[in-house]
Amino acid sequence: MKRNYFLFVIPFLFVITLFTGCHSKTKIGILMDNTSLERWKKDRELFEKTAKDLKAEAIIKVADSKPDVQLKQAEELINSGVDVLVVIPCDLVKSGEIVKKAHAANIPVISYDRLIKNSNVDYYVSTDNINIGELQADYLSKISPVGNYALITGPTTDNNAFLLHLGWLNVLQPLIDRGDIKVVIDDFTDFWLPDESYQIMKKFLDGGGTVDAILAGNDALATGAIMALKEYNLDGKVLVAGQDADVNAIRNIVAGVQTITIYKPIESLVYATINAAVKIADGKAPSNMNITVFNGKKLVPAILLKSQVVNRQNIKMTVVSEGFITEKELN
Ligand code: GAL
């Protein structure tokens, strides 16, 4: 009797183990452009943590701003059998190749923060980047509705650089047309780095140019511009807007040399992305997409979250209270 019992139970247990074991962890391949800037370090940590929280595995590769390297890394992840790819593209157009390769292997792709243009990318999770540009320009032009403006946005390989610029002009164009605002610098940079804006501003100031307000695409570019202003004792006298709520930028705001930054809800962006990735891998449609965005080829289902202006008065109410930055970091 005992023997018969084992004959029945052991295969039964084996089948159960086989079935439960089949539901292995969702593997999410994450292709990052670069993690040298503070904000991307945060994204990276959050990708790892959130994937763990949602019982998935994040496999992260960083391309150091090289589109060819990113494509190779994509191939590696595709061959390793990831269920979903999340891409922060090094290049808005070239990354379309990643989508093609992923789709050939039946792997869906989520475009994170930056949109992959002219491709069949499946989903897009970001903030409203035109609105971010508008928030920045609106804030500075309310303080200085007349004057010389410098516009320094990011690289032309990043769709967000164009969206920010569009947002700036949405606000500034009527003032430009009226002759109240003059755009004295209108530059895209190669990367998003401080030295680039430092060189642009230094050249301009060395040439005797005058400026009242600087719209910078991110806090690194704002920091570089402030460095150049400092050499001419103009820091604190010129309005400066950045983006990303980097610790250094918040310190500059406290010190009165940067006017505002924009706080993007990175934790929510990462959560929305990983949550969607897990659903997609389970064969379900992600329920959190709330808009579609045209990428030149298709209307991409997207989530665009809200960003906030951080100024000297609301630092505690925004980035500190949300736990994005600690008070300790500000001292
Ligand atoms: C952009 C992003 C900015 C900034 C920048 C620097 O795509 O919109 O918030 O982080 O990258 O990497």
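Author: Start with helix α2 (residues 38–53) and helix α10 (residues 266–281). They pack at an angle of about 45°, and their axes lie 9 Å apart. Because of that angle, α2 is oblique to α10. Angles under 35 degrees count as roughly parallel, over 145 as roughly antiparallel, 65 to 115 as roughly perpendicular and the rest as oblique. The axes are lines fitted to C-alpha atoms, for helices over the stretch in contact, and angles run from 0 to 180 degrees between N-to-C directions. Helices here are DSSP runs (H or I, at least four residues), numbered from the N terminus.

This is a predicted model: local features need pLDDT of at least 70, side-chain atom pairs count only at pLDDT 80 or more, and totals for chains, interfaces and linings use all residues. Residues are numbered from 1 along each chain as its sequence is written, and side-chain values use heavy atoms, with hydrogens and water left out.

Now the crossing. α2 passes α10 in a right-handed way. A crossing is right-handed if the near helix is turned clockwise from the far one by less than a right angle, and left-handed if anticlockwise.

Which residues of α2 and α10 meet? From α2 come Arg39, Asp43, Leu46, Phe47, Thr50 and Ala51. From α10 come Ile266, Glu267, Val270, Tyr271, Thr273 and Ile274. Contact means heavy atoms within 4.5 Å. By class, this contact of α2 with α10 has 7 nonpolar, 2 polar and 3 charged residues. Ala, Val, Leu, Ile, Met, Phe, Trp, Tyr, Cys and Pro count as nonpolar, Asp, Glu, Lys and Arg as charged, and the others, Gly among them, as polar.

Next, the domains. The assignment, automatic or from a database, gives domain 1 (2–128 + 266–304) and domain 2 (129–263). Their centres, taken over C-alpha atoms, are separated by 34 Å. In domain 1, 15 residues are in contact with 20 residues of domain 2. About 1,300 Å² is buried between the two domains, and carbon and sulfur atoms give 46% of that. Buried area is the accessible area (1.4 Å probe) that two parts lose on being put together, summed over both.

Last, another pair. Helix α3 (residues 67–79) and helix α4 (residues 96–104) pack at about 15°, with axes 10 Å apart. They are therefore roughly parallel to each other. Their crossing is right-handed. Gln70, Leu71, Ala74, Glu75 and Ile78 of α3 touch Glu97, Ile98, Lys101 and Ala102 of α4.

Key. Helices (H or I, at least four residues) and strands (E, at least two) are DSSP runs, numbered from the N terminus.
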